[in-house]
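Please have the sequence and the 3D view at hand.

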Amino acid sequence: MNADRLLARAFAATHPDEVARFIERIPPEGGAEVLGALEPESAADILSRAVPLIAATSLARLDNEAAAQIVEACHPSLASGLLFRMSRGTRERLLEAVSPARAEDLKRMTDYGPRRAGGRLDPRAPAMPETLSVSEVFGRLREYPAGVMHYVYAIDAERRLTGVVNMRELMLAPPDAPFGTIITRDPEALFAHDPLEVIARHAGWKRSHALPVIDRDRRLLGALRYSTFRAIETELGQAAAGPDADQTASALAELCAVGASAMTRFIGAALALDEPAQRDRHDRRTEPPPSSTLRRSVIPGGMP
């Protein structure tokens with residue numbers, strides 16, 4: 001690995017917001033080149049900070065293997081939001097490249113979309129059969145720690161939600177106790193088709209740090225975390241209040257700057273293309289193609 005790529009990775013790790021803003025200001029091919037130069041975890045962090053549509057467009061320009069590694073590194077709700085903004089063909093192409101279990105979760109989440117509970121949940125929420133012992137539950141949690149939260153959910157043989165226990169109660173339970181004997185039955189839950197407004201009004205947030213999400217047959221699909229609930233509250237509040245004047249002015253100024261920059265580049269390119277004709281109008285066909293038409297790497301030392 002060359003020094004330029006190492007430097008780019010180090011900068012992205014310490015200045016992810018700056019890299020996200022940079023990706024928003026360059027063509028999608030350039031954004032893809034930046035993402036491809038980073039570790040998947042770092043690229044996922046930057047995508048979470050960028051404008052979703054631009055992030056999705058840049059991710060879609062990567063080859064299947066590189067894009068799949070980044071999708072695997074993304075939080076499931078982030079990955080589903082990015083995939084939701086891609087064309088159906090691109091989405092299917094990337095889902096085929098990720099692991100089957102992740103592909104199944106992400107396909108279901110994109111089918112619900114980002115404005116329903118089924119599209120905002122975390123499918124990694126721990127769910128264990130009632131028939132296990134407490135020690136067996138801990139063993140499985142150690143094998144799959146990524147989704148561990150405040151609660152562990154209990155399910156039956158059909159994966160229907162039957163109960164919940166918080167981590168403190170689970171830790172205090174005897175190791176040989178059946179898991180089904182320490183759970184609270186019939187916990188509060190969200191339905192996967194519930195819209196954002198229903199999620200925000202659910203009374204369970206006054207008592208819980210996360211709410212399980214179930215389908216119409218009460219099969220557990222995952223859990224919606226309190227941080228996601230607060231983000232939804234913010235989204236709904238901003239929509240109700242209308243656009244903020246400062247944010248609108250800033251966005252318009254940025255749009256004008258980007259537009260002016262693009263126009264300047266276009267005029268410069270047009271003049272560059274016209275220079276050979278001005279130098280020799282009688283021998284136009286012998287002029288070599290202008291070098292300005294070649295796309296240059298956005299990474300120092302990268303390939304043209």
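The model is predicted.

## Helices α2 and α4

Helix α2 spans residues 16–24 and helix α4 spans residues 40–49. Their axes come within 8 Å and cross at roughly 65°. Because angles of 65 to 115 degrees count as roughly perpendicular, α2 is described as roughly perpendicular to α4. The crossing of α2 past α4 is right-handed.

On the α2 side, the contact is formed by P16, D17, V19, A20, R21, I23 and E24. On the α4 side, these residues meet D45, I46 and R49. By type, the residues of this contact are five nonpolar and five charged, with no polar ones.

## The three-stranded sheet

Three strands make up an open sheet in the order β5-β6-β7, and the pairing is mixed. The edges are taken by β5 (190–191) and β7 (220–225). Each of these two has a single partner strand, so one side of each is left without a neighbour in the sheet.

Strand β6 covers residues 210–214 and pairs with β5 in the parallel sense, over two bridges. Within this sheet, F191 has I214 in β6 as its bridge partner. In general, strands of a sheet pair through backbone hydrogen bonds, either parallel or antiparallel.

## Helix α14 across the sheet

Helix α14, residues 226–241, lies across β6 and β7. Relative to β7, α14 runs at about 65°.

Notes:
Residues are numbered from 1 along each chain as its sequence is written. This is a predicted model: local features need pLDDT of at least 70, side-chain atom pairs count only at pLDDT 80 or more; totals for chains, interfaces and linings use all residues. Side-chain values use heavy atoms; hydrogens and water are left out. Axes are lines fitted to C-alpha atoms, for helices over the stretch in contact, and angles run from 0 to 180 degrees between N-to-C directions. Helices (H or I, at least four residues) and strands (E, at least two) are DSSP runs, numbered from the N terminus. Angles under 35 degrees count as roughly parallel, over 145 as roughly antiparallel, 65 to 115 as roughly perpendicular and the rest as oblique. A crossing is left-handed if the near helix is turned anticlockwise from the far one by less than a right angle, and right-handed if clockwise. Contact means heavy atoms within 4.5 Å. Ala, Val, Leu, Ile, Met, Phe, Trp, Tyr, Cys and Pro count as nonpolar, Asp, Glu, Lys and Arg as charged, and the others, Gly among them, as polar. Two strands pair if DSSP finds at least two bridges between them.
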